[in-house]
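Here is a short walk through one protein chain. Follow the side chains first, then step back to the overall form.

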Amino acid sequence: MLIRHFGFLANRSKKHALPQCRKLLGLNPALPEIPNKSAHDLLRELTGIELSRCPACKKGTMVIVAELPKRSFWDSS
């Protein structure tokens, strides 16, 4: 199903309409800077969960030894 956007979300007007919408809402018309953070850093900031800690003892640091190759759903071997 094709979803068509219209109004301020239309591709043709998005470039000019979104800054105008932000201005009308009392926000800075410029888009905010998106920080370059990894998923591990974001999870640590949001939840306080450290992914590299051992889930059993909570003291040791887990290290990736090897990664399993990705298999396709249709791969029968």
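Lys 37 has a relative accessibility of 37% in this predicted model. That value lies between the cut-offs of 20% and 50%, so Lys 37 counts as partly exposed. Its salt-bridge partner is Glu 45, and the closest N and O atoms are 2.6 Å apart. Glu 45 is exposed, because its relative accessible area of 53% is over 50%.

How many salt bridges are there by this rule? The count comes to 3. The next one joins Asp 41 to Arg 44, with 3.2 Å between the closest N and O atoms. Both residues sit in helix α2, which covers residues 39-47. They are 3 residues apart, so about one helical turn separates them. An α-helix has 3.6 residues a turn, so residues three or four places apart point the same way. Asp 41 is partly exposed, at 27% relative accessibility. Arg 44 is partly exposed as well, at 37%.

Arg 44 also forms a salt bridge with Glu 50. Here the closest N and O atoms are 2.6 Å apart. Glu 50 counts as partly exposed, with a relative accessibility of 29%. Shared partners join Asp 41, Arg 44 and Glu 50 into one network.

Now turn to helix α1. This helix holds 14 residues, running over residues 11-24. Beyond the helix, Gly 26 follows α1 and has a positive phi, near 85°.

Step back to the whole chain. Its secondary structure comes to 2 helices and 0 strands. Is the chain spread out or compact? The radius of gyration is 22 Å. For 77 residues the globule rule gives 11 Å. The value for this chain is well over that, so the chain is more spread out than a compact globule. Along the principal axes, the C-alpha atoms fill a box of roughly 50 × 40 × 15 Å.

The surface figures complete the picture. Buried residues make up 4% of the 77 in the chain. The accessible surface comes to about 8,000 Å². Carbon and sulfur atoms account for 63% of that surface.

Conventions. Residues are numbered from 1 along each chain as its sequence is written. This is a predicted model: local features need pLDDT of at least 70, side-chain atom pairs count only at pLDDT 80 or more; totals for chains, interfaces and linings use all residues. Side-chain values use heavy atoms; hydrogens and water are left out. Helices (H or I, at least four residues) and strands (E, at least two) are DSSP runs, numbered from the N terminus. The expected span of a helix is 1.5 Å times one less than its number of residues. A salt bridge is a side-chain nitrogen of Lys or Arg within 4 Å of a carboxyl oxygen of Asp or Glu. Buried means under 20% relative accessible area, exposed over 50%, partly exposed in between (1.4 Å probe, protein chains only). The radius of gyration is taken over C-alpha atoms; the globule rule is 2.2 Å times the number of residues to the power 0.38. Accessible areas come from the Shrake-Rupley method with a 1.4 Å probe; for residues, only the protein chains shown count as cover.
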